[in-house]
Amino acid sequence: MSNLVLSAPMKGWIAPLDETPDAVFAERMLGDGLAIDPLGSTLHAPCDATVVTVHRARHAVTLRAANGAEILMHVGLETVALNGEGFTVFVEEGQAVKAGDKLLGFDLDLLAQRARSLITPVVVTNLDAFRIVRRDQDRELAVGDFLMELSPIGGAVSASPESAGEVARDVVVPLVHGIHARPAARIAETARKFVAEVALVAINRRASAKSPVGVMSLAIRHGDAIQVVASGVDADAAILALAELIESGMGEGGSVPAQAPTRALAVAEAAPSGPIELPRDGVLKGVLAAPGLAIGKAVRLASADIVVREAGEGVAHEEAALAAAIDTVRIRIETAAMKGDKARKAILGAHLAFLEDPELSAGARRLIGEGKSAGFAWRKAVGGYVDALRGLGDRRLAERVDDLVDLERQVLRALSGEEEGEAVLPPGSILLADELLPSQLMGVDPGVVAGFCTARGGPTSHVAILAAAMGIPALVAVGGAVLSVEDGAALILDADSGTLRVAPDAPALEAAQTALAQRQERKAAAKAAAHQPCVTRDGTRIEVFANTGSLNDALAAVANGAEGSGLLRTEFLFLDRETPPDEDEQARQYQAIASALDGRPLIIRTLDVGGDKAAPYLPIPAEENPALGLRGVRVSLWRPHLLKTQLRAILRVTPLGQCKIMVPMVASLDELRAVRAVLDEAKRELGIVEAIELGVMIETPAAAVTADLIAAEADFLSIGTNDLTQYVLAMDRGNPELAARIDALHPAVLRMIDQTCKGAAKHHRWVGVCGGLASDLAAVPILLGLGVTELSTTASIAPEVKARVRGLSLDTCRSLAAQVLDQTSPEAVRALSKSFGA
């Protein structure tokens with residue numbers, strides 16, 4: 001097949017793509033080509049082709065020529081922000097066009113005033129199939145002049161995927177956070193198992209699926225329709241594996257606002273690079289990253305710049321140096337990932353995926369081939385993606401920049417032979433920095449770090465996740481003023497209220513010290529009495545259990561005096577694997593946890609996936625609102641064979657009766673009846689005639705208002721206050737903009753709990769609380785007053801909850817409960833609870 005000649009699609013001056021002031025194009029992340037500085041106001045077809053996509057903002061068009069070449073033309077830079085203003089579209093997707101046909105019209109004056117640049121990249125996006133064999137040089141072009149010539153690689157290709165050897169599959173992305181670092185890493189890991197060249201195509205962008213950074217740069221969001229394309233001997237298998245992986249949701253959870261940037265993002269993007277003056281009252285405000293209260297001394301951290309030379313010492317030498325440095329960092333990360341909790345391991349796993357990204361390595365090798373040093377090439381390659389991710393306007397992807405910067409520094413240090421100097425920190429250090437990198441936080445002794453504050457960063461960054469896992473109070477997005485705090489300054493870090501008080505006066509310091517001391521004293525006293533019975537002052541027995549999700553959790557529950565487990569989250573068995581656990585595996589795990597509880601009650605929640613939790617082998621169809629879709633019991637009844645297998649495994653635990661069964665996300669009595677029918681069938685198969693308690697989680701307003709109907713057939717009710725609160729208040733608990741307003745002590749939520757308890761009382765059923773409210777000490781007297789008799793808390797706070805219960809009188813609790821139901825806000829409820837005596 002002959003080569004394809006592309007003609008100039010607009011009048012203007014031609015320029016190399018390298019001169020495009022956008023790393024996405026200059027670093028050729030989308031493909032290779034040329035750029036045109038327009039002198040006209042229309043965009044024309046450069047060849048006979050079919051219109052593949054017209055961007056919704058009207059600023060970009062992708063064509064596919066008859067031989068399969070895909071050409072993207074992007075009018076101006078950052079013109080997407082104009083949302084179509086100043087653009088006119090003359091074609092539609094799927095339309096056949098001839099060379100010279102008008103595609104777009106645009107207001108050149110408007111773009112000159114409001115776009116970042118007028119320069120218009122024209123790129124060939126499928127360079128795996130074509131190479132540019134000739135292109136024009138720096139000169140003025142008229143529409144129709146020669147632009148460049150393309151030659152197919154490895155013979156003729158066709159616009160049809162089947163005849164081209166390229167297969168494609170459309171996928172709607174169900175991940176509620178979109179495809180960010182960890183999903184991108186899993187996609188790349190899967191793609192690398194195949195020989196085929198595999199790519200993701202999103203709107204007018206294309207990236208190799210084997211490149212996690214490239215995949216991230218597509219900024220794919222929840223609900224986006226994308227295409228998985230592949231060519232090669234095992235293309236069909238690659239397409240199937242990747243499509244199924246993406247459609248599974250990969251266990252991603254928690255919704256984020258689609259477009260609205262959080263305060264953290266605004267500060268992260270706009271924070272001054274240097275210090276600014278402290279406010280007069282010495283109080284800085286930031287965004288909660290990890291909860292807690294700390295008193296300490298300021299320790300400022302600043303990373304020294306790593307100087308790299310630009311000129312290399314020969315291609316072979318520089319390539320070997322880069323490979324050795326990457327190997328050094330890889331071994332270091334793999335060693336670090338062998339210890340620590342799940343969050344730490346997941347973050348280090350994402351770092352490994354970035355380190356092995358073929359696009360990063362290829363970008364660095366290309367520069368080395370041009371005579372650059374390994375350090376210069378690595379910094380330039382990483383920097384291109386850093387700029388691209390920061391420019392996407394996506395909060396979660398912008399927060400992944402820290403991971404890339406972290407890896408850049410680690411590799412550069414390995415190249416130079418330097419080690420990151422470990423700072424000798426005094427006890428009680430509160431770290432202050434512009435930004436803190438994950439490796440820096442993992443490298444400190446948590447025993448001497450009281451907390452940290454950063455000028456930039458976000459609440460879902462990997463540093464924030466690590467801080468929470470390490471139990472270190474932390475604030476992010478505090479702004480540049482934090483860099484003005486002097487080393488050694490006294491600080492009070494109250495992460496829960498989002499404040500950092502600098503050089504507090506004596507009364508403020510004394511109050512904080514008193515609060516901290518009282519908190520520690522209460523914890524110590526409660527821990528000492530943790531194994532004593534939990535009875536109110538007037539002799540009412542209240543059970544304090546612990547929520548569990550593993551054998552280690554069960555051991556921690558017993559160690560903290562919990563009297564059983566009021567919620568075993570069985571998802572730990574079902575997630576992060578390709579197939580569901582069989583009956584024997586489940587039975588072994590449940591038995592181990594029951595044995596660890598040493599006869600104490602164990603309430604096992606049936607599988608609760610969907611919404612914010614997804615399993616790869618349960619390809620739940622993409623939903624516009626997963627929180628209101630296939631979740632909890634709906635999934636179990638959708639796939640009853642999984643439910644039956646789980647119920648049989650629970651029934652095999654000995655002694656029979658130690659385990660109770662709880663059904664999540666019930667909205668009607670019919671759902672409970674359906675589960676009981678499966679339970680009765682499992683009992684018959686196993687020859688069990690004894691009664692097995694079957695309860696319901698009250699998480700939906702529907703269940704709360706019909707609690708009297710449900711309690712007629714359920715053996716107990718347990719309130720999941722986390723979901724109940726978000727459904728009652730119509731506020732997504734994963735939305736950081738709403739986080740401060742989502743309070744389970746809202747009178748509307750308390751009225752739902754009250755209605756649940758009254759409905760249960762009609763049938764003499766007990767009511768528990770297994771959501772986060774059970775661990776809120778301010779809520780304990782209110783819950784008891786409403787009629788709750790079982791609290792299932794986090795294991796660590798169980799001793800404090802038991803101590804709180806022992807100091808309460810049920811009559812006064814009922815009086816408090818009656819008052820809070822008439823309050824108008826959660827703040828008023830908390831104020832009443834704070835002033836409440838026993």
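Which residues does Asn560 touch, not counting residues up to four places away in sequence? They are Lys527, Ala530, Ala795, Ser796, Ala798 and Pro799. Touching, or contact, means heavy atoms within 4.5 Å. Asn560 itself lies in the loop between helix 17 (551–559) and strand 28 (565–569). Its relative accessibility is 12%, so Asn560 counts as buried. Buried means under 20% relative accessible area, exposed over 50%, and partly exposed in between, with a 1.4 Å probe and protein chains only. The side chain of Asn560 also makes a polar contact of 2.8 Å with the side chain of Lys527. A polar contact is a pair of N or O atoms within 3.5 Å; within protein, one must be able to donate a hydrogen and the other to accept it, and residues adjacent in sequence count only if both atoms are side-chain atoms.

A word on the model. It is predicted: local features need pLDDT of at least 70, side-chain atom pairs count only at pLDDT 80 or more, and totals for chains, interfaces and linings use all residues. Residues are numbered from 1 along each chain as its sequence is written, and side-chain values use heavy atoms, with hydrogens and water left out.

Now the whole chain. The protein chain has 30 helices and 34 strands. Helices (H or I, at least four residues) and strands (E, at least two) are DSSP runs, numbered from the N terminus. Of the 838 residues in the protein chain, 55% are buried. Among contacts with a separation of 6 or more, 71% are between residues 24 or more positions apart.

The largest nonpolar core has 89 residues. Such a core is a set of buried Ala, Val, Leu, Ile, Met, Phe, Trp, Tyr and Cys residues joined through side-chain atoms within 4.5 Å. Those with the most contacts inside this core are Tyr590, Leu717, Leu750, Ile753, Leu784 and Leu791. Apart from this core lies another, of 76 residues, including Ala184, Val198, Ala243 and Val448. Back in the largest core, take Leu717. Not counting residues up to four places away in sequence, the residues that Leu717 touches include Val696, Ile698, Trp766 and Val767. Thr756 and Ala760 are also among them.

Thr756 and Ala760 are buried residues of helix 26. Helix 26 (residues 747–761) has 15 residues, which at 1.5 Å a residue should span 21 Å; its end C-alpha atoms are 21 Å apart, so the two values agree. The expected span is 1.5 Å times one less than the number of residues. His764 has a positive phi of about 60 degrees, although it is not a glycine. With a relative accessible area of 75%, His764 is exposed.

An open sheet of eight strands has the order 19-26-25-21-22-23-24-20, with mixed pairing. Two strands pair if DSSP finds at least two bridges between them. Strand 19 (283–285) and strand 20 (287–290) are the edges, each pairing on one side only. From one strand to the next, the twist averages 30 degrees. Strand 25 (residues 490–494) and strand 26 (residues 499–502) run antiparallel, joined by four bridges. Here Leu493 stands opposite Leu500. Helix 16 (residues 506–528) packs on this sheet and touches strand 21 (293–300), strand 25 and strand 26. The directions of helix 16 and strand 21 make an angle of about 120 degrees. Axes are lines fitted to C-alpha atoms, for helices over the stretch in contact, and angles run from 0 to 180 degrees between N-to-C directions.

Strand 14 (residues 146–152) is mostly covered, with six of its seven residues buried. Strand 1 (residues 4–7) runs antiparallel to strand 14, with four bridges. Ser7 has Phe146 as its bridge partner. Strand 12 (residues 130–135) is also antiparallel to strand 14, with five bridges. There, Phe130 is partnered by Pro152.

Last, some loops. A cis peptide bond joins Thr654 and Pro655, with omega about 0 degrees. Pro655 is in the loop between helix 21 (640–651) and strand 30 (659–663). Val307, in the loop between strand 21 and helix 8 (315–336), is exposed, with a relative accessible area of 77%.
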